[in-house]
Amino acid sequence: MYTYVVIDDEPLIRRGILKKLENYPGIQCVAQASNGKAALEQIEEKDPDFVITDMKMPIMDGTQLLPVLSTQYPEKYIIVISGYKDFDYAKEALRAKTLDYIVKPFSREALCSAVDKAVELLQSRETLQEKITLDEAEKEKETMKSTTKTLTEGPLAKQILLVSLPLALSNLL
């Protein structure tokens, strides 16, 4: 299950986003915030996989929030929603390497398409991490085999046997 946070100063928009994503399989909203400052607290506490954020908000808006997200949480995927086609907002979204910039009002399809991108990237990241873990386990297994072979079949094995045999015999007597 992938998790996300919704950030928008308008409660109606937040509810609309949740409604549009309620039947999307494998994702869950873990927090909502009405501004960037509150969002950062929620992100720190809940550690979501991706963020859906508005740009124009009080206290801390998207132009302030996005750089913080991209530096402090570079592994989080960001989807921007905005009622503005403002070039400065779009430029800031590009700098923060957001997955999508959706202009309000937006359709369920547009939002789901952006979430599809986030989910696909999250799945790819998991697959890659699993492969790395398997490769590391395989390397460790090979190292153990090699070490065991050296200790049981090589010249060192004879030395170990010569040293440990008298000790074992003395313990028996």
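The model is a predicted one.

Start with the sheet. Five strands make it up, lined up as E2-E1-E3-E4-E5, with parallel pairing throughout an open arrangement. The edges are taken by strand E2 (27-33) and strand E5 (100-103); each has a single partner strand, so one side of each goes without a neighbour in the sheet. On average, and ignoring direction, neighbouring strands are turned by 20° against each other. Between E1 and E3, which run parallel, there are four bridges.

Helix H2 (residues 36-46) lies across E1, E2 and E3, and runs at about 140° to E2. Helix H3 (residues 62-72) lies across E1, E3 and strand E4 (77-82), this time running at about 165° to E3.

Now for the rings. The structure has one aromatic pair. Its members are Tyr-4 and Phe-50, whose ring centres are 5.2 Å apart with planes at 15°; planes under 30 degrees apart count as stacked, so this pair is stacked. The pair ties together distant parts of the chain, since Tyr-4 belongs to strand E1 (residues 2-7) and Phe-50 to strand E3 (residues 50-54), 46 residues apart. Within the sheet, Tyr-4 stands opposite Phe-50 in E3. Tyr-4 has 3% relative accessibility and so counts as buried, and Phe-50 is buried too, with a relative accessible area of 0%.

Note on methods
Residues numbered from 1 in each chain as written. Predicted model: local features only at pLDDT ≥ 70, side-chain atom pairs only at ≥ 80, totals over all residues. Heavy atoms only, no water. Phe/Tyr/Trp six-rings, centres within 6.5 Å; stacked < 30°, edge-to-face > 60°. Helix = DSSP H or I, 4+ residues; strand = E, 2+ residues; numbered from the N terminus. Buried < 20%, exposed > 50% of the residue type's maximum accessible area, 1.4 Å probe, protein only. Pairing = 2+ DSSP bridges. Axes fitted to C-alpha atoms, helices over the stretch in contact; angles between N-to-C directions. Contact = heavy atoms within 4.5 Å.
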